[in-house]
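Thanks for coming, everyone. Have the viewer open while I talk.

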Amino acid sequence: MHETEQHDLSDDSDYAAASRHHAPGGIMRTDSGKSTASEAGGSEVLYLKDNVAIHPTQYASERISGRLRLYKQGSSLFLSWIPYKPSTDGAVDSLGHGSSSIPVEKDRNLYTIKSLPVSDVHSIRRHTPALSWPYIIVVLSSGLAYPPFYFYNGGVREFLATLKQHVFIVRSADDSNVFLVNDFQDPLQRTLSSLELPRVVSVANRASRHRSDLSSSSFDDSERLNGAPYDETASTSEYSARQKKFHDPARDISIQVLEKFSLVTKFARETTSHLFRESHNDGLNAYEKKQQTDYGSLKPISTSDDKKKDSNVIPVAADPLEWAAFLDSEGRILDSKALRERIFYGGVDQNIRKEVWKFLLGYHEYDSTYAEREYLTSVKKSEYEVIKSQWQSISAVQAKRFTKFRERKGLIDKDVVRTDRSVAYYEGDDNPNVTILRDILLTYSFYNFDLGYCQGMSDFLSPILYVMKDEAESFWCFVALMERLGPNFNRDQSGMHSQLFALSKLVEILDSPLHNYFKQTDCLNYFFCFRWILIQFKREFEYDQVMHLWEVLWTHYLSEHLHLYMCVAILKSHRKKIMGEQMDFDTLLKFINELSGNIDLDWTIREAEALCICAGENGAACIPPGTPPSLPIEPDMGLYPQEDEVL
């Protein structure tokens with residue numbers, strides 16, 4: 001209870017603190033919530049908060065502060081966030097921190113929200129970390145999300161309370177820190193932000209019967225789809241430990257939906273983000289012109305050091321003496337950056353992947369010794385057995401009263417028997433490696449009970465087990481990978497939203513003609529790239545190529561987000577065909593799926609490298625902090641949901 005009160009007090013500072021940027025009216029919402037102010041043009045300001053900031057980079061000193069408002073115009077409610085003009089006198093903000101004018105000057109127009117209709121907002125996720133500033137993430141109906149808004153002077157609770165007075169807002173049953181806005185319980189709408197589980201047909205078939213209606217219908221009209229039947233043969237996975245009392249077909253969407261998505265894409269286009277509508281267009285004009293000048297005619301370029309790349313095409317340790325050269329006498333990695341660079345350009349020989357991957361995944365520290373790693377292996381093996389025993393000890397009688405366990409086990413049992421069965425290591429009936437795969441996933445669902453199991457996780461675990469050939473070590477390597485990629489499977493799909501948002505910005509600066517074409521054809525949600533990002537191109541390449549690609553991505557040599565630049569590279573290479581054939585969303589999705597097995601991996605990695613170097617700081621600024629596979633800003637966020645009286 002004390003912790004809850006401590007979180008709530010973080011919202012009270014806005015009554016005592018005053019920013020140098022405050023307008024004469026100050027905060028428009030008082031304790032009573034009754035004070036408002038009028039502006040020119042007939043707008044009624046309901047809430048105003050200064051020193052609300054975004055972070056284009058991971059450095060706190062480079063934040064962009066601005067003013068957040070909720071205002072009413074006629075019967076419609078709007079949200080705006082206008083960044084302050086760069087300081088020219090070296091002034092400091094109300095927290096006493098100097099502002100860096102460079103990122104503000106560069107990015108302030110990019111992130112400006114002049115007039116966002118609240119009717120376009122799907123949900124708002126609130127975070128109130130104990131040791132940091134509270135912030136919110138605004139998720140649009142399309143599934144795209146804005147960067148986090150940090151409330152340096154508090155005010156999150158008042159913001160939500162004001163919102164509640166003017167629109168329908170309800171706390172999510174799955175996560176008490178998520179507030180659903182304009183939630184009409186439409187399963188197809190939820191599909192766009194919860195592509196998770198396999199019961200696709202019941203929703204998709206109904207969608208196909210209403211395709212002609214969906215193009216002109218409202219959310220209310222589509223409520224008739226809520227009665228989609230529940231498939232008893234499938235099972236659900238839960239992000240939180242709370243069990244829902246009914247089955248929502250919206251969550252019954254898995255990776256397979258990408259093959260059948262053309263049945264619901266007309267509805268998807270109707271709910272595509274308003275991020276780039278008139279309000280944003282005004283703010284982006286100057287920026288867009290600049291980017292068209294700088295990047296609009298960007299051609300594929302060579303990397304900065306072709307000679308080095310050509311000399312390093314042989315994998316690490318193809319020469320038996322090379323791997324040993326990276327270690328000192330006690331087993332420490334002498335130069336981790338040099339090793340990561342070497343792997344980035346040459347990959348890892350299969351004979352030492354088991355050892356090297358443990359470093360790349362973070363299971364072993366680069367400065368650990370042989371003795372420390374041997375001790376860690378022993379300890380972790382015992383820890384794994386303890387966690388595994390938790391579900392192994394569940395009796396049949398107890399399982400009957402443990403719905404969550406039955407559902408997760410059922411889903412895992414179905415997934416593992418269809419995961420990489422064409423690979424010799426997993427092929428054949430009664431294969432013990434498939435059983436180990438199942439045991440590791442079940443154990444992980446108990447280790448991380450909040451996240452549990454979601455379809456796609458078996459795709460990540462399969463190559464790890466193939467390389468490690470050890471159950472306990474595979475488990476802990478998988479745990480380390482999920483620390484970075486677990487947000488891909490969050491119930492609210494926040495991890496996927498942030499990556500799709502970043503991808504849209506990268507295409508905008510690296511290929512503005514293609515971006516403009518996607519804008520004209522309502523394809524800015526980038527859902528056609530969903531599978532690429534969700535499982536890191538696992539379905540696009542052969543098994544050995546996937547292992548090579550992943551170890552390149554895990555080096556984080558040039559960027560933690562090289563996979564996004566790969567998406568840009570592939571799209572850019574097919575720009576002429578996409579635009580020349582005037583592909584709409586349905587056609588584009590089919591085209592992207594048919595690229596599987598037809599993408600040149602080495603070329604794509606090198607092109608992604610070139611694009612990453614070319615984009616430089618502008619590219620990095622497009623990616624919000626904490627975007628997977630970056631480590632989360634707060635590793636424990638969401639474990640202790642805040643209880644308050646907002647709703």
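Glutamine 493 is buried, with a relative accessible area of 2%. Buried means under 20% relative accessible area, exposed means over 50%, and partly exposed is in between, with a 1.4 Å probe and protein chains only. Glutamine 493 lies in the loop between helix 19 and helix 20 (494-510). Helices here are DSSP runs of H or I with at least four residues, strands are runs of E with at least two, and both are numbered from the N terminus. Phi of glutamine 493 is near 55 degrees, a positive value in a residue other than glycine. Most residues other than glycine have a negative phi, and most peptide bonds are trans.

A word on the source. This is a predicted model, in which local features need pLDDT of at least 70, side-chain atom pairs count only at pLDDT 80 or more, and totals for chains, interfaces and linings use all residues. Residues are numbered from 1 along each chain as its sequence is written, and side-chain values use heavy atoms, with hydrogens and water left out.

Back to backbone angles. Aspartate 522 also has a positive phi, about 55 degrees, and is not a glycine. Look for aspartate 522 in the loop between helix 21 (512-520) and helix 22. Is aspartate 522 buried or partly exposed? At 38% relative accessibility, aspartate 522 counts as partly exposed.

Then there is a cis peptide bond. Proline 628 and proline 629 are joined by it, with omega about 5 degrees. Proline 629 sits in the segment after helix 27 (601-621).

Now a buried loop residue. Glutamine 536 is in the loop between helix 22 (530-534) and helix 23 (543-554). Its relative accessible area is 4%, so glutamine 536 counts as buried. What does glutamine 536 contact, leaving aside its neighbours within four places in sequence? The partners are Phe460, Leu485, Arg531, Leu549, Trp550, Leu553 and His563. Contact means heavy atoms within 4.5 Å.

One of those partners, His563, is also a buried residue of helix 24. Helix 24 covers residues 562-573, which makes 12 residues. It reaches 16 Å from its first C-alpha to its last, close to the 16 Å expected at 1.5 Å a residue. The expected span is 1.5 Å times one less than the number of residues. Helix 24 is mostly covered, with 11 of its 12 residues buried. Among them are Leu562, Tyr565, Met566, Cys567 and Lys572.

Compare helix 14, residues 370-392. Helix 14 has 23 residues and reaches 33 Å, close to the 33 Å expected. Its buried residues include Arg373, Tyr384, Ile387, Lys388 and Trp391. An α-helix has 3.6 residues a turn, so residues three or four places apart point the same way. What covers the buried residues of helix 14? The cover includes helix 13 (353-360), helix 16 (403-416), helix 17 (432-447) and helix 19 (471-485).

Next, how helices 17 and 19 pack. Their axes come within 10 Å and cross at roughly 50 degrees. Axes are lines fitted to C-alpha atoms, for helices over the stretch in contact, and angles run from 0 to 180 degrees between N-to-C directions. Helix 17 and helix 19 are therefore oblique to each other. Angles under 35 degrees count as roughly parallel, over 145 as roughly antiparallel, 65 to 115 as roughly perpendicular, and the rest as oblique. The crossing is right-handed. A crossing is left-handed if the near helix is turned anticlockwise from the far one by less than a right angle, and right-handed if clockwise.

Second pair. The axes of helix 13 and helix 23 come within 10 Å and cross at roughly 40 degrees. That makes helix 13 oblique to helix 23. This crossing is left-handed. Arg353, Trp357 and Leu360 in helix 13 meet Asp544, Met547, His548, Glu551 and Trp554 in helix 23.

Finally, the whole chain. It has 27 helices and 10 strands. Of its 647 residues, 58% count as buried. Among contacts with a separation of 6 or more, 74% come from residues 24 or more positions apart.
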